[in-house]
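Welcome, and thanks for taking a look at this one with us. Please have the sequence and the 3D view open side by side as you read.

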2 protein chains.
Amino acid sequence: MESKSATLSLSALGHEGRLAIFRLLVSAGPTGLAAGEIARRLGMVPNSLSANLNILSRANLTTSRREGRSIIYQADFSTMTALVGFLVGDCCGGAPEICSPLNQLLSQSQQCAPTPSRQKELC
Amino acid sequence: MESKSATLSLSALGHEGRLAIFRLLVSAGPTGLAAGEIARRLGMVPNSLSANLNILSRANLTTSRREGRSIIYQADFSTMTALVGFLVGDCCGGAPEICSPLNQLLSQSQQCAPTPSRQKELC
DNA sequence: TCCATAGTTCTAGGATAATAGAATTATGTG
DNA sequence: CACATAATTCTATTATCCTAGAACTATGGA
C-alpha cells in the first residue's frame with residue numbers, strides 16, 4: 001500500500017459514522033450486512049448511509065454484492081491488513097523495544113489462528 | 001480507546017502531509033526530530049508544518065519537547081498501538097480464518113522483540 | 001542590547017466535505 | 001402492469017478544512 005491509498009482509507013475512517021459502519025462490518029465478518037440493516041442498527045438515514053458506504057467503497061475498505069432487493073456490504077480485510085501494515089511498518093526503525101506493546105496486541109489476536117499447526121508456524 | 005478519539009486520530013492521519021510527518025516520526029523513534037528538520041526533509045513551509053503538527057498533537061499522535069531553539073517532535077507509540085487495536089479488535093468476531101494475514105503481519109514485527117525470552121513469552 | 005534563528009499564531013481566501021430532502025433506479029410480488 | 005420495498009443519486013445549503021502570507025514569540029550568541 002502506498003501513501004495515497006493509505007490517506008484515502010484513513011480519511012474515510014476518520015469520520016465517526018463511517019468508522020462505526022466499518023467496525024460493524026468487521027465484526028459481521030464475511031457474511032456482511034444489508035445496507036438497510038446497517039441503517040437500522042446505527043440509526044442512520046438511508047441517503048447519508050449510502051453516501052458514506054460509497055466513500056468507504058472508493059477507499060477499498062468495503063465490497064458489496066446484490067442479493068434480491070438488498071445490497072450486502074462487507075469489510076475488505078485485505079485493505080485493513082495492508083493499512084495496519086503501512087502504519088506499523090517502520091515501527092522498529094530505530095528502537096526495537098517500542099514494538100513490544102504492538103506485539104502483545106498481535107499475539108492476542110493469534111488466539112483465532114485457524115489451526116494449531118498454523119499457530120505454531122506463526123510463532 | 002473509544003470511537004471519538006479513534007476518529008480524531010484517523011482523520012488526523014487521513015491527510016497526505018500529516019501521514020508523511022507521522023511515518024517519519026515513527027521511523028525516527030524516541031529520538032524524535034526537530035520541526036525544522038521535518039520541514040526540510042518533507043519540503044514543507046514552516047507554518048503549514050506547524051499547523052499539521054498541532055493537529056497530530058491534539059490527536060495524541062505526537063509529543064514534543066523544547067531543546068534550545070528547536071522543538072523536538074516524536075511519535076506517540078501508545079496511541080498508535082491503541083488505534084491499531086481499536087481497528088483490528090473485532091476482526092475475529094465471526095470468522096477466525098480472516099485474521100491470519102494480520103497474524104502474519106504481526107509475527108513479522110516480532111523479529112524486533114527485545115529479548116528471546118520475551119519473544120517466547122509473547123508466543 | 002541587537003540580531004539571527006526556530007517555530008508558532010493570526011488571518012482570509014478558496015476548496016472540500018457533510019447533511020438531508022426529493023426524485024430516481026432496481027427488484028420482487030400480487 | 002401496478003405497487004411496495006431497498007438503495008442510490010441529485011441537489012443545495014451549511015460547515016469545516018487547507019493553505020500560505022504576514023506578524024509575533026522565544027531562544028541563543030556577539
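This is a predicted model: local features need pLDDT of at least 70, side-chain atom pairs count only at pLDDT 80 or more; totals for chains, interfaces and linings use all residues.

DNA strand C has 19 protein residues around it, and DNA strand D has 18. A search over all chains also turns up 8 salt bridges, one of which pairs Glu16(B) with Lys4(A).

**Chain A at a glance**

- Chain A contains 7 helices and 3 strands.
- Read from the N terminus, the order of elements in chain A is α-α-β-α-α-β-β-α-α-α.
- Chain A has 123 residues, and 47% of them are buried.
- If we take the contacts in chain A between residues at least 6 apart in sequence, 53% link residues at least 24 apart.

**Around DNA strand C**

- The residues that come nearest to DNA strand C are Asn47(A), Gly36(B), Asn47(B), Ser50(B) and Tyr73(B).
- Sugar or phosphate accounts for 59% of the atoms of DNA strand C within 4 Å of the protein, and bases account for the rest.
- For a base contact, look at Asn47(A): an N or O atom in its side chain lies 2.6 Å from a base nitrogen of DNA strand C.
- Arg18(A) places a polar side-chain atom 3.1 Å from a phosphate oxygen of DNA strand C.
- Ala35(B) uses its backbone instead, with a polar atom 3.3 Å from a phosphate oxygen of DNA strand C.
- Which elements give two or more residues to the surface near DNA strand C? They are helix 4 (46–58) of chain A, and helix 3 (35–42), helix 4 (46–58) and strand 3 (70–75) of chain B.
- Sorted by class, this surface near DNA strand C holds 7 nonpolar, 8 polar and 4 charged residues.

**Around DNA strand D**

- Gly36(A), Ser50(A), Tyr73(A), Asn47(B) and Arg69(B) come nearest to DNA strand D.
- Of the DNA strand D atoms within 4 Å of the protein, 60% are in sugar or phosphate and the rest are in bases.
- The side chain of Ser50(A) has an N or O atom 2.8 Å from a phosphate oxygen of DNA strand D.
- His15(B) brings a polar side-chain atom to 3.2 Å from a phosphate oxygen of DNA strand D.
- A polar backbone atom of Ala35(A) lies 3.4 Å from a phosphate oxygen of DNA strand D.
- Two or more residues of the surface near DNA strand D come from each of these elements: helix 3 (35–42), helix 4 and strand 3 (70–75) of chain A, and helix 4 of chain B.
- By class, the surface near DNA strand D consists of 6 nonpolar, 8 polar and 4 charged residues.

**A closer look at Thr62(B)**

- Thr62(B) belongs to strand 2 (residues 62–67) of chain B.
- Is Thr62(B) buried or exposed? Its relative accessible area is 4%, so Thr62(B) counts as buried.
- Leaving out residues up to four places away in sequence, Thr62(B) touches several residues, including Leu25(B), Leu53(B), Leu56(B) and Tyr73(B).
- Ser57(B) is also among the residues that Thr62(B) touches, and the Thr62(B) side chain comes to 3.4 Å from the backbone nitrogen of Ser57(B).

- Side chains of opposite charge can pair when their charged atoms come close.
- Glu16(B) and Lys4(A) form a salt bridge with an N to O distance of 3.9 Å. This pair joins two chains, because Glu16(B) sits in helix 2 (residues 16–28) of chain B and Lys4(A) in helix 1 (residues 3–13) of chain A.
- Glu16(B) is partly exposed at 34% relative accessible area, whereas Lys4(A) is exposed at 61%.
- Glu67(A) and Arg65(A) meet at 3.1 Å, N to O. Glu67(A) is partly exposed at 44%, and Arg65(A) is partly exposed at 30%.
- Arg41(B) and Glu37(B) are bridged at 2.9 Å, N to O. They are 4 residues apart in helix 3 of chain B, so about one helical turn separates them.
- Arg41(B) is partly exposed, with 48% relative accessible area, and Glu37(B) is partly exposed, with 24%.
- In chain A, Glu37(A), Arg40(A) and Arg41(A) are joined into one network by salt bridges that share partners.

Technical notes
Residues are numbered from 1 along each chain as its sequence is written. Chains are lettered from A and ligands numbered from 1 in the order in which they are written. Side-chain values use heavy atoms; hydrogens and water are left out. A residue is near a molecule or strand if one of its heavy atoms lies within 4 Å of it. A polar contact is a pair of N or O atoms within 3.5 Å; within protein, one must be able to donate a hydrogen and the other to accept it, and residues adjacent in sequence count only if both atoms are side-chain atoms. Ala, Val, Leu, Ile, Met, Phe, Trp, Tyr, Cys and Pro count as nonpolar, Asp, Glu, Lys and Arg as charged, and the others, Gly among them, as polar. Buried means under 20% relative accessible area, exposed over 50%, partly exposed in between (1.4 Å probe, protein chains only). Contact means heavy atoms within 4.5 Å. A salt bridge is a side-chain nitrogen of Lys or Arg within 4 Å of a carboxyl oxygen of Asp or Glu.
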